[in-house]
Amino acid sequence: MANKKSTAVAAKKAETVDKIEPAAFPDSFKVSQARKAVNALLAHHAKEKERISETQLMAKDEHVWLIVNTKQMPTKKSLKPVRVPLPHPALPPPPKSSVCLFVKNPQREYKDLLAAHNIEFVDRVVGLDKLRGKHKPFEARRALMKAHDIFLCDARIMPSMPKLLGKIFFDAKKQPIPVTLARKDLKAELGRAISSTFFHESLGTCTSVRIATASREDPEDAHTADQVMENLTAALPAVVSRIEGQWDNIKSIGIKTSASIMLPIWTSDINSLHTDADEKVMSRAKKAVKRGQVDADDSDDSVMHNDSEDEPKSKKQKKAAPTKSTTPAKKTATKTAAEPAKPKSPAAGKTKAAAVDIPLPPAETAPAPAPAKKEQKKVRAGKAKVAPAAAKKNVAASAAAKVKQGVVGKKKVAKK
(Lines give C-alpha, C1' and ligand atoms only; values in the text may rest on other atoms or scores of the structure.)
Protein backbone atom coordinates (compact mmCIF):
# COMPACT_ATOMS: atom_id res chain seq x y z
CA MET A 1 0.00 0.00 0.00
CA ALA A 2 2.79 2.39 0.84
CA ASN A 3 4.43 1.83 -2.54
CA LYS A 4 1.17 2.53 -4.37
CA LYS A 5 0.65 5.78 -2.44
CA SER A 6 4.20 6.97 -3.17
CA THR A 7 3.86 6.23 -6.89
CA ALA A 8 0.50 8.04 -7.00
CA VAL A 9 2.03 11.11 -5.32
CA ALA A 10 4.92 11.07 -7.78
CA ALA A 11 2.50 10.90 -10.71
CA LYS A 12 0.54 13.90 -9.38
CA LYS A 13 3.75 15.91 -8.97
CA ALA A 14 4.75 15.13 -12.55
CA GLU A 15 1.37 16.30 -13.80
CA THR A 16 1.64 19.61 -11.91
CA VAL A 17 5.16 20.18 -13.27
CA ASP A 18 4.02 19.60 -16.86
CA LYS A 19 1.21 22.16 -16.43
CA ILE A 20 3.61 25.14 -16.18
CA GLU A 21 2.73 27.54 -18.99
CA PRO A 22 5.50 28.34 -21.49
CA ALA A 23 6.86 31.90 -21.62
CA ALA A 24 5.74 34.02 -24.58
CA PHE A 25 8.25 35.38 -27.07
CA PRO A 26 9.40 38.99 -26.53
CA ASP A 27 8.79 41.66 -29.17
CA SER A 28 12.49 41.71 -30.09
CA PHE A 29 12.45 38.03 -31.11
CA LYS A 30 12.37 37.64 -34.90
CA VAL A 31 11.36 34.36 -36.51
CA SER A 32 13.11 35.36 -39.74
CA GLN A 33 16.46 35.52 -37.93
CA ALA A 34 15.88 32.05 -36.47
CA ARG A 35 15.04 30.65 -39.91
CA LYS A 36 18.23 32.12 -41.39
CA ALA A 37 20.28 30.52 -38.64
CA VAL A 38 18.63 27.11 -39.18
CA ASN A 39 19.21 27.16 -42.96
CA ALA A 40 22.83 28.27 -42.56
CA LEU A 41 23.52 25.59 -39.93
CA LEU A 42 22.10 22.75 -42.03
CA ALA A 43 23.98 23.95 -45.13
CA HIS A 44 27.25 24.09 -43.20
CA HIS A 45 26.64 20.61 -41.80
CA ALA A 46 26.00 19.18 -45.28
CA LYS A 47 29.38 20.50 -46.47
CA GLU A 48 31.16 19.15 -43.41
CA LYS A 49 29.51 15.76 -43.87
CA GLU A 50 30.81 15.50 -47.46
CA ARG A 51 34.30 16.49 -46.36
CA ILE A 52 34.38 14.00 -43.47
CA SER A 53 32.94 11.13 -45.55
CA GLU A 54 36.15 11.09 -47.63
CA THR A 55 38.28 10.14 -44.61
CA GLN A 56 35.83 8.23 -42.38
CA LEU A 57 34.08 4.98 -43.24
CA MET A 58 31.13 5.46 -40.86
CA ALA A 59 29.83 8.94 -40.10
CA LYS A 60 28.60 9.82 -36.61
CA ASP A 61 25.07 10.94 -35.82
CA GLU A 62 24.79 14.71 -35.52
CA HIS A 63 22.09 16.58 -33.62
CA VAL A 64 20.91 20.18 -33.48
CA TRP A 65 21.24 21.74 -30.03
CA LEU A 66 19.46 24.78 -28.63
CA ILE A 67 21.92 26.88 -26.56
CA VAL A 68 20.62 29.27 -23.89
CA ASN A 69 23.06 31.62 -22.12
CA THR A 70 21.85 33.29 -18.92
CA LYS A 71 23.05 36.39 -17.09
CA GLN A 72 23.04 34.88 -13.63
CA MET A 73 23.73 31.37 -12.39
CA PRO A 74 20.81 29.38 -10.98
CA THR A 75 20.65 28.85 -7.24
CA LYS A 76 19.17 25.33 -7.33
CA LYS A 77 20.04 22.15 -9.18
CA SER A 78 17.86 19.07 -9.57
CA LEU A 79 18.73 15.68 -11.01
CA LYS A 80 15.26 15.29 -12.49
CA PRO A 81 15.14 16.68 -16.06
CA VAL A 82 12.24 18.75 -17.35
CA ARG A 83 10.18 17.25 -20.15
CA VAL A 84 9.77 19.45 -23.24
CA PRO A 85 7.23 18.13 -25.79
CA LEU A 86 8.14 18.45 -29.48
CA PRO A 87 5.99 18.15 -32.62
CA HIS A 88 8.75 16.05 -34.25
CA PRO A 89 10.78 13.70 -31.97
CA ALA A 90 14.40 14.73 -31.61
CA LEU A 91 15.45 11.09 -32.12
CA PRO A 92 13.88 8.64 -34.58
CA PRO A 93 11.15 6.60 -32.86
CA PRO A 94 11.60 2.86 -32.23
CA PRO A 95 12.54 0.47 -33.75
CA LYS A 96 15.09 2.81 -35.40
CA SER A 97 16.21 3.89 -31.93
CA SER A 98 17.06 1.32 -29.26
CA VAL A 99 15.41 1.79 -25.83
CA CYS A 100 16.68 0.52 -22.45
CA LEU A 101 14.73 0.67 -19.17
CA PHE A 102 16.27 0.74 -15.65
CA VAL A 103 13.94 -0.65 -12.97
CA LYS A 104 13.93 -1.73 -9.33
CA ASN A 105 14.31 -5.28 -8.13
CA PRO A 106 13.02 -7.84 -9.03
CA GLN A 107 13.70 -7.39 -12.73
CA ARG A 108 11.29 -10.15 -13.83
CA GLU A 109 8.30 -8.34 -12.32
CA TYR A 110 8.70 -5.33 -14.62
CA LYS A 111 9.32 -7.48 -17.66
CA ASP A 112 5.95 -9.12 -17.00
CA LEU A 113 4.42 -5.64 -16.52
CA LEU A 114 5.61 -4.52 -19.97
CA ALA A 115 4.29 -7.72 -21.52
CA ALA A 116 0.91 -7.20 -19.84
CA HIS A 117 0.60 -3.70 -21.40
CA ASN A 118 1.72 -5.07 -24.80
CA ILE A 119 4.84 -2.85 -24.90
CA GLU A 120 7.31 -4.18 -27.46
CA PHE A 121 9.48 -1.12 -28.24
CA VAL A 122 11.60 -1.54 -25.05
CA ASP A 123 14.59 -3.60 -26.13
CA ARG A 124 16.15 -4.26 -22.72
CA VAL A 125 15.23 -4.14 -19.02
CA VAL A 126 18.04 -3.81 -16.47
CA GLY A 127 17.55 -4.06 -12.70
CA LEU A 128 19.58 -2.52 -9.89
CA ASP A 129 21.29 -5.81 -9.12
CA LYS A 130 22.59 -6.03 -12.69
CA LEU A 131 23.87 -2.45 -12.55
CA ARG A 132 25.70 -3.15 -9.29
CA GLY A 133 27.12 -6.46 -10.46
CA LYS A 134 27.36 -7.26 -14.16
CA HIS A 135 27.57 -3.65 -15.38
CA LYS A 136 29.80 -2.32 -12.61
CA PRO A 137 33.10 -2.47 -14.58
CA PHE A 138 33.88 0.47 -16.80
CA GLU A 139 33.98 -1.56 -20.02
CA ALA A 140 30.57 -3.12 -19.31
CA ARG A 141 28.99 0.30 -18.68
CA ARG A 142 30.56 1.74 -21.82
CA ALA A 143 29.24 -1.18 -23.90
CA LEU A 144 25.77 -0.67 -22.41
CA MET A 145 25.88 3.04 -23.24
CA LYS A 146 26.85 2.41 -26.88
CA ALA A 147 24.30 -0.36 -27.37
CA HIS A 148 21.22 1.89 -26.87
CA ASP A 149 20.09 5.35 -27.95
CA ILE A 150 17.46 6.15 -25.29
CA PHE A 151 17.54 5.23 -21.60
CA LEU A 152 14.41 5.29 -19.44
CA CYS A 153 14.46 4.98 -15.68
CA ASP A 154 11.94 4.40 -12.91
CA ALA A 155 11.48 7.75 -11.14
CA ARG A 156 11.90 6.08 -7.73
CA ILE A 157 15.53 5.07 -8.41
CA MET A 158 16.52 8.23 -10.27
CA PRO A 159 18.67 9.67 -7.39
CA SER A 160 20.94 6.59 -7.46
CA MET A 161 21.62 6.70 -11.22
CA PRO A 162 24.61 9.10 -11.26
CA LYS A 163 26.56 6.90 -8.87
CA LEU A 164 25.72 3.65 -10.66
CA LEU A 165 26.16 4.84 -14.25
CA GLY A 166 29.10 7.23 -13.82
CA LYS A 167 29.98 10.18 -16.01
CA ILE A 168 30.08 8.14 -19.24
CA PHE A 169 26.34 8.50 -19.80
CA PHE A 170 26.29 12.19 -18.89
CA ASP A 171 29.26 13.07 -21.14
CA ALA A 172 27.53 11.30 -24.05
CA LYS A 173 24.27 13.20 -23.36
CA LYS A 174 22.47 9.93 -22.66
CA GLN A 175 21.12 10.69 -19.21
CA PRO A 176 18.28 8.38 -18.14
CA ILE A 177 14.77 9.83 -18.48
CA PRO A 178 12.51 9.35 -15.44
CA VAL A 179 9.11 7.71 -16.02
CA THR A 180 6.33 6.63 -13.63
CA LEU A 181 5.65 2.93 -14.06
CA ALA A 182 2.48 3.12 -11.94
CA ARG A 183 0.47 4.90 -14.63
CA LYS A 184 -2.62 3.14 -15.91
CA ASP A 185 -1.69 3.85 -19.51
CA LEU A 186 1.94 2.83 -19.25
CA LYS A 187 2.42 2.62 -23.01
CA ALA A 188 1.43 6.28 -23.48
CA GLU A 189 3.73 7.31 -20.60
CA LEU A 190 6.75 5.66 -22.20
CA GLY A 191 5.78 6.98 -25.63
CA ARG A 192 5.68 10.59 -24.35
CA ALA A 193 9.12 10.18 -22.80
CA ILE A 194 10.60 8.85 -26.05
CA SER A 195 9.05 11.51 -28.30
CA SER A 196 10.00 14.47 -26.07
CA THR A 197 13.27 16.21 -25.36
CA PHE A 198 14.51 17.11 -21.89
CA PHE A 199 16.01 20.17 -20.26
CA HIS A 200 18.68 19.30 -17.66
CA GLU A 201 19.22 22.10 -15.16
CA SER A 202 22.80 22.91 -14.23
CA LEU A 203 24.63 25.39 -12.00
CA GLY A 204 26.30 27.12 -14.94
CA THR A 205 25.20 29.97 -17.20
CA CYS A 206 24.94 27.86 -20.36
CA THR A 207 22.41 25.08 -21.02
CA SER A 208 21.83 22.93 -24.10
CA VAL A 209 18.72 21.08 -25.28
CA ARG A 210 18.59 18.63 -28.19
CA ILE A 211 15.81 19.64 -30.58
CA ALA A 212 16.51 17.78 -33.86
CA THR A 213 18.68 15.31 -35.76
CA ALA A 214 20.93 16.82 -38.44
CA SER A 215 22.24 13.57 -39.95
CA ARG A 216 21.98 9.83 -39.43
CA GLU A 217 22.88 6.62 -41.24
CA ASP A 218 19.49 6.63 -42.92
CA PRO A 219 18.99 10.06 -44.58
CA GLU A 220 15.23 9.79 -44.04
CA ASP A 221 15.72 9.98 -40.27
CA ALA A 222 17.24 13.48 -40.47
CA HIS A 223 14.99 16.50 -39.93
CA THR A 224 14.32 19.14 -42.56
CA ALA A 225 14.70 22.88 -42.02
CA ASP A 226 10.93 23.31 -41.49
CA GLN A 227 10.85 20.53 -38.89
CA VAL A 228 13.81 21.99 -37.05
CA MET A 229 12.09 25.38 -37.04
CA GLU A 230 8.88 23.92 -35.63
CA ASN A 231 10.78 22.13 -32.86
CA LEU A 232 12.70 25.32 -32.08
CA THR A 233 9.61 27.49 -31.69
CA ALA A 234 7.97 24.78 -29.55
CA ALA A 235 10.93 24.09 -27.25
CA LEU A 236 12.21 27.62 -26.63
CA PRO A 237 9.21 28.97 -24.64
CA ALA A 238 9.09 25.81 -22.53
CA VAL A 239 12.81 26.03 -21.72
CA VAL A 240 12.65 29.74 -20.88
CA SER A 241 9.74 29.17 -18.50
CA ARG A 242 11.95 26.85 -16.39
CA ILE A 243 14.76 29.42 -15.99
CA GLU A 244 14.73 31.81 -13.04
CA GLY A 245 13.80 35.27 -14.26
CA GLN A 246 12.75 33.89 -17.66
CA TRP A 247 13.48 36.36 -20.52
CA ASP A 248 14.91 39.02 -18.18
CA ASN A 249 17.66 36.61 -17.14
CA ILE A 250 18.56 35.42 -20.67
CA LYS A 251 21.63 36.89 -22.37
CA SER A 252 21.63 35.13 -25.75
CA ILE A 253 20.09 32.18 -27.62
CA GLY A 254 21.57 30.20 -30.50
CA ILE A 255 21.74 26.82 -32.23
CA LYS A 256 24.69 24.59 -33.08
CA THR A 257 25.86 21.07 -33.79
CA SER A 258 28.63 19.26 -31.96
CA ALA A 259 31.16 20.25 -34.67
CA SER A 260 30.10 23.85 -35.40
CA ILE A 261 30.05 27.22 -33.73
CA MET A 262 26.90 28.70 -32.25
CA LEU A 263 24.75 30.74 -34.65
CA PRO A 264 22.88 33.47 -32.74
CA ILE A 265 19.10 33.67 -32.88
CA TRP A 266 18.38 36.31 -30.24
CA THR A 267 20.46 38.53 -27.95
CA SER A 268 19.32 40.75 -25.12
CA ASP A 269 19.56 44.54 -25.29
CA ILE A 270 22.96 45.95 -24.31
CA ASN A 271 21.30 48.65 -22.22
CA SER A 272 19.72 45.98 -20.04
CA LEU A 273 23.18 44.67 -19.20
CA HIS A 274 24.25 48.16 -18.07
CA THR A 275 21.12 48.57 -15.97
CA ASP A 276 21.81 45.25 -14.27
CA ALA A 277 25.37 46.39 -13.50
CA ASP A 278 24.07 49.69 -12.09
CA GLU A 279 21.63 47.82 -9.88
CA LYS A 280 24.46 45.70 -8.49
CA VAL A 281 26.54 48.80 -7.75
CA MET A 282 23.63 50.48 -5.97
CA SER A 283 22.95 47.41 -3.87
CA ARG A 284 26.62 47.31 -2.81
CA ALA A 285 26.48 51.01 -1.93
CA LYS A 286 23.38 50.49 0.23
CA LYS A 287 25.06 47.63 2.08
CA ALA A 288 28.16 49.76 2.69
CA VAL A 289 26.00 52.60 4.10
CA LYS A 290 24.21 50.19 6.42
CA ARG A 291 27.52 48.88 7.74
CA GLY A 292 28.72 52.42 8.37
CA GLN A 293 31.75 52.07 6.11
CA VAL A 294 30.73 54.94 3.78
CA ASP A 295 28.64 58.08 4.17
CA ALA A 296 25.29 58.23 2.40
CA ASP A 297 26.41 61.15 0.17
CA ASP A 298 29.65 59.49 -0.96
CA SER A 299 28.30 55.94 -1.35
CA ASP A 300 28.22 55.95 -5.18
CA ASP A 301 31.71 57.39 -5.63
CA SER A 302 33.27 55.09 -3.04
CA VAL A 303 31.84 51.97 -4.67
CA MET A 304 32.58 52.98 -8.27
CA HIS A 305 36.10 54.37 -7.63
CA ASN A 306 38.55 52.47 -5.44
CA ASP A 307 41.48 54.78 -4.61
CA SER A 308 44.63 52.78 -3.93
CA GLU A 309 46.20 55.63 -1.90
CA ASP A 310 43.61 55.47 0.88
CA GLU A 311 43.76 51.70 1.15
CA PRO A 312 46.07 50.24 3.83
CA LYS A 313 49.18 48.59 2.54
CA SER A 314 49.44 44.84 2.60
CA LYS A 315 52.14 42.93 4.47
CA LYS A 316 54.11 42.29 1.28
CA GLN A 317 54.16 46.00 0.44
CA LYS A 318 55.30 46.85 3.97
CA LYS A 319 58.12 44.31 3.77
CA ALA A 320 59.18 45.43 0.30
CA ALA A 321 59.47 49.12 1.26
CA PRO A 322 62.41 48.83 3.75
CA THR A 323 64.30 46.39 1.55
CA LYS A 324 64.46 48.95 -1.24
CA SER A 325 65.81 51.62 1.12
CA THR A 326 68.39 49.34 2.74
CA THR A 327 70.00 48.00 -0.42
CA PRO A 328 71.41 51.36 -1.63
CA ALA A 329 72.70 52.07 1.87
CA LYS A 330 74.73 48.86 1.79
CA LYS A 331 76.19 49.79 -1.59
CA THR A 332 77.19 53.26 -0.39
CA ALA A 333 78.77 51.79 2.73
CA THR A 334 80.89 49.42 0.68
CA LYS A 335 81.95 52.22 -1.61
CA THR A 336 83.00 54.49 1.31
CA ALA A 337 84.94 51.64 2.88
CA ALA A 338 86.78 50.97 -0.35
CA GLU A 339 87.56 54.63 -1.13
CA PRO A 340 90.40 55.19 1.45
CA ALA A 341 92.30 52.15 0.10
CA LYS A 342 92.55 53.63 -3.43
CA PRO A 343 95.52 56.08 -2.95
CA LYS A 344 97.67 53.32 -1.36
CA SER A 345 98.08 51.42 -4.61
CA PRO A 346 100.43 52.97 -7.21
CA ALA A 347 98.03 52.15 -10.00
CA ALA A 348 95.47 54.45 -8.47
CA GLY A 349 97.94 57.37 -8.52
CA LYS A 350 98.66 56.82 -12.19
CA THR A 351 94.98 56.85 -13.03
CA LYS A 352 94.54 60.10 -11.11
CA ALA A 353 97.45 61.73 -12.94
CA ALA A 354 96.08 60.59 -16.25
CA ALA A 355 92.71 61.97 -15.28
CA VAL A 356 94.23 65.47 -14.97
CA ASP A 357 95.56 65.50 -18.53
CA ILE A 358 92.83 63.52 -20.31
CA PRO A 359 89.19 63.68 -19.10
CA LEU A 360 87.85 60.15 -18.63
CA PRO A 361 84.31 59.02 -17.79
CA PRO A 362 83.62 58.33 -14.08
CA ALA A 363 83.00 54.63 -14.76
CA GLU A 364 86.63 54.08 -15.94
CA THR A 365 88.17 55.92 -12.97
CA ALA A 366 86.66 53.42 -10.52
CA PRO A 367 89.24 50.73 -9.64
CA ALA A 368 88.43 47.13 -10.51
CA PRO A 369 87.90 44.72 -7.57
CA ALA A 370 91.03 42.73 -8.56
CA PRO A 371 92.98 43.24 -5.27
CA ALA A 372 90.24 41.57 -3.24
CA LYS A 373 90.44 38.46 -5.41
CA LYS A 374 94.29 38.38 -5.13
CA GLU A 375 94.11 38.62 -1.34
CA GLN A 376 91.67 35.70 -1.27
CA LYS A 377 94.04 33.68 -3.46
CA LYS A 378 97.01 34.49 -1.20
CA VAL A 379 95.08 33.41 1.88
CA ARG A 380 94.05 30.19 0.21
CA ALA A 381 97.63 29.61 -0.96
CA GLY A 382 98.87 30.15 2.60
CA LYS A 383 96.41 27.61 3.89
CA ALA A 384 97.55 25.17 1.24
CA LYS A 385 101.19 25.63 2.27
CA VAL A 386 100.42 25.06 5.95
CA ALA A 387 98.90 21.70 5.22
CA PRO A 388 102.14 20.04 3.90
CA ALA A 389 104.20 21.35 6.89
CA ALA A 390 101.82 19.72 9.34
CA ALA A 391 101.99 16.52 7.31
CA LYS A 392 105.85 16.54 7.47
CA LYS A 393 105.76 16.95 11.26
CA ASN A 394 103.43 13.97 11.54
CA VAL A 395 105.74 11.86 9.34
CA ALA A 396 108.81 12.81 11.45
CA ALA A 397 106.99 11.97 14.67
CA SER A 398 105.94 8.57 13.35
CA ALA A 399 109.55 7.85 12.21
CA ALA A 400 110.96 8.81 15.65
CA ALA A 401 108.46 6.50 17.32
CA LYS A 402 109.54 3.61 15.11
CA VAL A 403 113.22 4.23 15.95
CA LYS A 404 112.48 4.23 19.68
CA GLN A 405 110.58 0.98 19.40
CA GLY A 406 113.55 -0.61 17.57
CA VAL A 407 116.05 0.60 20.20
CA VAL A 408 113.91 -0.67 23.07
CA GLY A 409 113.62 -4.07 21.37
CA LYS A 410 117.42 -4.38 20.98
CA LYS A 411 117.96 -3.55 24.66
CA LYS A 412 115.56 -6.28 25.73
CA VAL A 413 117.36 -8.84 23.58
CA ALA A 414 120.76 -7.81 25.08
CA LYS A 415 119.54 -8.22 28.67
CA LYS A 416 118.30 -11.72 27.94
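Which side chain does R35 meet in a salt bridge, and at what N to O distance?

Analyst: The partner is D226, and the salt bridge spans 3.3 Å from N to O. This is a predicted model, in which local features need pLDDT of at least 70 and side-chain atom pairs count only at pLDDT 80 or more, while totals for chains, interfaces and linings use all residues. Residues are numbered from 1 along each chain as its sequence is written, and side-chain values use heavy atoms, with hydrogens and water left out.

A salt bridge here is a side-chain nitrogen of Lys or Arg within 4 Å of a carboxyl oxygen of Asp or Glu. The structure holds eleven of them. The R35–D226 pair links distant parts of the chain. R35 sits in helix α2, D226 sits in helix α9, and 191 residues separate them. Helices (H or I, at least four residues) and strands (E, at least two) are DSSP runs, numbered from the N terminus.

Now the two helices. α2 covers residues 31–53 and α9 covers residues 225–241. They pack at an angle of about 130°, with axes 10 Å apart. That angle makes α2 oblique to α9. The class is what remains when under 35 degrees is roughly parallel, over 145 roughly antiparallel and 65 to 115 roughly perpendicular. Axes are lines fitted to C-alpha atoms, for helices over the stretch in contact, and angles run from 0 to 180 degrees between N-to-C directions. The crossing is right-handed, meaning that the near helix is turned clockwise from the far one by less than a right angle.

Which residues make the contact? From α2 come V31, A34, R35, V38, N39 and L42. From α9 come A225, D226, V228, M229 and L232. Contact means heavy atoms within 4.5 Å. By type, the contact residues divide into eight nonpolar, one polar and two charged. Nonpolar covers Ala, Val, Leu, Ile, Met, Phe, Trp, Tyr, Cys and Pro; charged covers Asp, Glu, Lys and Arg; the others, Gly among them, count as polar.

α2 lies across β1, β8, β9 and β10, and runs at about 165° to β10. α9 lies across β1, β8, β9 and β10 as well, and runs at about 165° to β8.

Those strands form an open sheet with the order β8-β1-β9-β10 and antiparallel pairing. Two strands pair if DSSP finds at least two bridges between them. β8 (206–215) and β10 (263–267) stand at the edges, each with a single partner strand, so one side of each has no neighbour in the sheet. The twist averages 20° from one strand to the next. Inside the sheet, β1 (residues 62–70) and β9 (residues 250–256) pair in the antiparallel sense over six bridges.

For contrast, look at the parallel sheet. Four strands form this open sheet in the order β4-β3-β5-β6. Its edge strands are β4 (124–127) and β6 (177–179), each pairing on one side only. Neighbouring strands are turned by 30° against each other on average, direction ignored. β3 (residues 99–103) and β5 (residues 150–154) pair over four bridges. L101 has L152 as its bridge partner in β5.

The loops around β3 deserve a check too. A cis peptide bond joins P94 and P95, with omega of about 5°. P95 lies in the loop between β2 (82–84) and β3. A cis peptide bond also joins N105 and P106, with omega of about 0°. P106 is in the loop between β3 and α3 (107–116). N118 is not a glycine, yet has a positive phi of about 60°. N118 falls in the loop between α3 and β4.
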